Structures are given as structure tokens and as C-alpha cells.
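Let's take a walk through this one, starting with charged side chains and ending with a residue on a strand. Keep the viewer open as you read.

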Amino acid sequence: MSKSAKQLKFEEAMERLDAIVEAMESGEIGIEESIAKYEEAMNLAAHCRRILDQAEQRIQKIQLDAAGKPRATPFEPPASEDAGDR
Amino acid sequence: MPERRPFDPSRIRRPAPEPGAPPAGPNILSVRQVNELIRGALARYVPATLHVLGEIGDLSRPASGHLYFSLKDPDSELRCVMWRSSAARLKFEPEVGLEVIASGGIELYTPRGTVQLIVRRLEPRGVGALEIAFRQLKERLEREGLFAASRKRPLPRIPERIAVVTSPSGAAIRDILQTVRRRYPALEILLFPVRVQGEGAAEEIAAAVGALNKHAEALGGIDVAIVGRGGGSLEDLWPFNEEVVARAIAASRIPIVSAVGHEVDVTISDLVADLRAPTPTAAAELVSPSLADLLDWLGTQTTRAARSVTHAVQLARAELEATLAAAALARPLARINERRQLVDELQQRLHDSLTAAFRRGSERLAAAGLTLLRFRTGARFSEARRVVEQRLHRFLQALNAMALSGEHRLATSLAGLERAQPAGQLKRYDEYLRHTPERLAAAVRLAVVPRRRLLDARLQALSACDPRRVLQRGYSITRDARSRQVIRSVQQIRDKLRIITELADGEFHATADDPKQPGLFD
């Protein structure tokens, strides 16, 4: 594996996993490689699942300070339907 | 605004005396006096604010930012000026031929003596200014290619972090958060709070789009941004039709989804953005993948991978078994066994031919020896016997050496054969062994034939000395019947001695009597 599964973004992991499954299904790879790829596929799948399991929504409000640097603060979404400034 | 003074005829009646002024006389005025007269009349008789309907002509807008044009009727024309401060507030771009209502005051421009309308507000007639402005900006940006499909970038399939540029208290952010929470809670949201309507909103929105691009790296990377707001009047949505917002969106490195108002509202932002969403909720759906779909996909991929590897293992096992069973692998062993058999046969043949040669040699030797034993007639004969034995011994040694070397070569071949894995090498051994029996047989023939010939010659020479030949010439050999000693002298004869006389065709027994001393040829 060129890059550790844990470093991959979901989309990268997804593309890699797709490619591996496709390669495995092509039947053009040998048994040893097939087993190695299976292991990699399982690692990638576990990694993807971990990302998806981080289900807690994270919302931050970004404002620039006087120096023009972004500052993040937690954001509470408006509750009511009728907010004055739509 | 030039100062307005009330009309004062007394000032005209008593012009200030000036050096070089025209000679004073009744009703003669200077140009300035006339202009002053007109200015006074205008100020007195023309209302401070006029609303004039006309068509724009002779339009010019120099670098100063002031706007010069004329308003035209079919047969009438009025010069107009719109100072930069007023012109900057225009929502649309004045165009020649456009029918407008210009509002302002009439003034005299004394350097040229022209009466002109100082326009403070300009409105297109018929359509609203905003519509005109929208149409004009749209046309201009379209000409620049800002809406081209080729500029649109695809959204990432699975974003990690998105930015939302909207009001922190609006319906848009609430809808977006709800949708994302439902579909893909793992998505991180960075809200860039801005005002989305009113004076200055466009600039804030544009600045936020610039900031999210500039600080994306510091914020951990932003995969896509939603810019928008909930529904409202055309005026409310107006900031999203401003050029500054359009430019900021067009310049964004990060893909932008525009989501302004309701489905029917199409803004300039929508046209410039990489993707237009009809509503903020739709925008959230477009950027966030569905968690359920992803889990489905993940399950499918896992199953497919497992099935593939199981299949691959089964396939490999079947292949291995087939290979083990196949002639391809079985044949080398079979060939080796075949060769072994061949070697055995070869050895047998070698042994047989050597044995036969040996037997023939032995037989002849035995026959010769027997004869020699029977006759023992002289040194010549024993010399011949020694030679025969010597020859035979060498012959047997040679045959033995030949057999040994043949066997050695066979054994070497066999060992090589068993070691040989590569097909090519195996084939070479096979080829070699295929011809080995013939070669060995030929070698045996070559070795045996001359030696046999030699042996025959010796035996023939030996037979020339055969005592039986002497007997055929009429001689006989007489032996003591009891001791079988050859009787060489009459001294050996005692009376009544039993003797055996050997002739060429047999022997007979007799009894000796009266031995005579004198010789046979006396």
C-alpha cells in the first residue's frame, strides 16, 4: 500500500477501494496479490466506516479578526422558522 | 450644487462698471449679464426638481466618472449631466436609446451658455432599474464567458468540510444544517456569517468568498462552499446580482454552489457558480452524500472483495489440482521412469552382449586349452596359450571398461534427468537418452568385432599347430594306459604294458611286447 489507509480522505479511500474491488473482480491478478488486495480492501473499508461513524455534526462560525485572521467559534443554529433576516 | 440666487432686475439695470466694458448705453448687456439674467429667470420660474421623460442620446462617461448625455424627444433635445456621486449609485448602465425618467434641476452652464439638467436620479422607463441592471450585468458577464459550462468544476463526491456563506440567523443556514445532519453528519460545516440584504451586503458576501479561499488551508481545507440565502423580494435578493459577488464567485478556487431564494429566482450568482441549487436545502443535498448510500456502497464493496478473494482462492486451488493432475507435470516423472526402464534395458543388452562375447571367448579358449592339455606338445604351444589368455584378458578388460563407462554415462544422464526441472533441459536429456541405446550398441559392436576377429585369427594360428593335424598325416601318439603319460622312448616300455594309441580318427588299446632298443629308422 503506497499510502496508509488512515491518512486517506474518505473520497480517496473510496476511489482506492473501488479500484481494488474492480481489479480483484477482473480475475487478472494472482492469488497472493488477491489476498493482499483483500486485506487492503478490508483496511480501507474499516477506515471509511470510521469516518462515517464520526456522526457528530461539527459546525463552526468563521470570522476574521482585526488582523484578518480567521477565528472559529462554535455556532448554534437558529431554532425558529421565522428569523428576521432571511 | 451651484448657488441659486433670486432674480434681481436691479442688478441688471446697474451693472458694475468695469474697465474695457462695452460703452454704456440703453439695453446693451455683456454676455455674462445675459447669462446671469437667464440663470435668475430659471431659478425663479423653473421648479427645483423636474422629472423628464426622454430617450438617452450622445452618451459619454469620461474617466472623471461624471455622466454626460442628452434626453431626446423626436424633435427636441435636452443636455443632461449626472455627477459622479449620483452616477455611482446607478443600478444599471445607461445606454443610448434607453427610455428613461431623469430627475433633477435645470441649470445654466455659463461657460457654454447651455441650459442643462443636473440629473440626480435616473430610472429606466417601463421596466424597473433592477431588471435593467440584471439584464445588463448578465449580458456583460456572459460576453466575458463567466457563465461558460467549461468553467464549471465538478463537486467533490465526498466532501470533508464545507463552507456556508449566508446569514447566521436566516432560514438558509437552518435548512442546510438540517439537511446535512440527516444525510451525512460526518460533514464539517464552517459558517461565514454575512448580511444577505441591504446596503453593503454584496461586499460582505464577496469578501467572505475571498476569505474562505484565502484561509481554506488554515481551516483544514474546504472542499466546497454554499453561497446563498432564503427567499425574498427582488430587492432582498439583489446582493446576489451584484457584480462584486459575481466576480468573487468566478475567482473562487473552491467550487461554489449558489442557492439564492426559491426555485424561480435566478441570480447572477447562480449563473457564475459551479452549480446552481434551487434552494439552500437542495444545495445541502447536492454537496452532502447520503450516509445510507455510502454504508450500502461500503457493504457492497466489502462483500465483493470477500467474494473475489474466495473465488480467487478456489480458482487457484482448482488450478493447482488440475496442474498436478495434468500431463504437464506428470510427464516429467513418467519420462524419467521411461528412461529408467530404457537404461535398465540398455544395461541388460550391454551385459548380454558382453556375456556372449565373454562366453564365446571362453569357449574358444577352453577348447584351445583343452587341446593343449590333451597334447602338451612343446613350448610353442604353451606360448600360444599364454598369448590367447593374455588377449582374452585384455579383451575382457576392454569390454568391462566399455560397460562401466556406458553405465556411468547412463547413471549421469539419469541423475541429470531427475534434477532437471526446466522443460528445455529435460528435453535435451530426453533427446540424448533417446539416442543413447543405439550409440552404446554401436560402441559395443565396434569394440567387440575387431577383438573377435583377433581372437579368431589367434585361434586359427593355434589350430595350425593342432597335433591332430600331425596325426592325420599318419603319426600317432601312444600313452601309458594307466598313467596316460605319452610314451616318448622305448625305455618306457615294459613287457605287457597296456597302452593307448591315439590316431587321427580315434584311439585303440593294445599291449606292448618285446621292446627293441634300436631306433625306428635304423
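Predicted model: local features only at pLDDT ≥ 70, side-chain atom pairs only at ≥ 80, totals over all residues.

Start with Glu243(B). Its relative accessible area comes out at 26%, so Glu243(B) falls into the partly exposed class. The side chain of Glu243(B) meets that of Arg140(B) in a salt bridge, with an N to O distance of 2.8 Å. This pair links distant parts of the chain: Glu243(B) sits in helix α8 of chain B, which covers residues 243–251, while Arg140(B) belongs to helix α4, residues 129–144, and the two are 103 residues apart. Arg140(B) is also partly exposed, because its relative accessible area is 32%.

Now look for another pair across the two helices. Arg247(B) forms a salt bridge with Glu144(B), and here the closest N and O atoms are 2.6 Å apart. Arg247(B) lies in helix α8 and Glu144(B) in helix α4 of chain B, so this pair ties together parts that are 103 residues apart in sequence. How accessible are the two partners? Arg247(B) has 31% relative accessibility and therefore counts as partly exposed; Glu144(B), at 41%, is partly exposed as well.

Over to chain A for another example. Arg71(A) and Asp65(A) meet through their side chains in a salt bridge, 3.2 Å from N to O. Arg71(A) has a relative accessible area of 48%, which means that it is partly exposed. For Asp65(A) the value is 24%, so Asp65(A) is partly exposed too. How many salt bridges does the structure hold over all chains? The total is 22.

Last stop: Gln116(B), back in chain B. You'll find Gln116(B) in strand β5, residues 114–124. Is Gln116(B) buried or exposed? Its relative accessibility is 11%, so Gln116(B) counts as buried. As for its surroundings, leave out the neighbours within four places in sequence, and Gln116(B) is in contact with Arg79(B), Val81(B), Gly105(B), Ile106(B), Glu107(B) and Tyr109(B).

Notes: Residues numbered from 1 in each chain as written. Chains lettered and ligands numbered in written order. Heavy atoms only, no water. Salt bridge = Lys/Arg side-chain N within 4 Å of Asp/Glu carboxyl O. Buried < 20%, exposed > 50% of the residue type's maximum accessible area, 1.4 Å probe, protein only. Helix = DSSP H or I, 4+ residues; strand = E, 2+ residues; numbered from the N terminus. Contact = heavy atoms within 4.5 Å.
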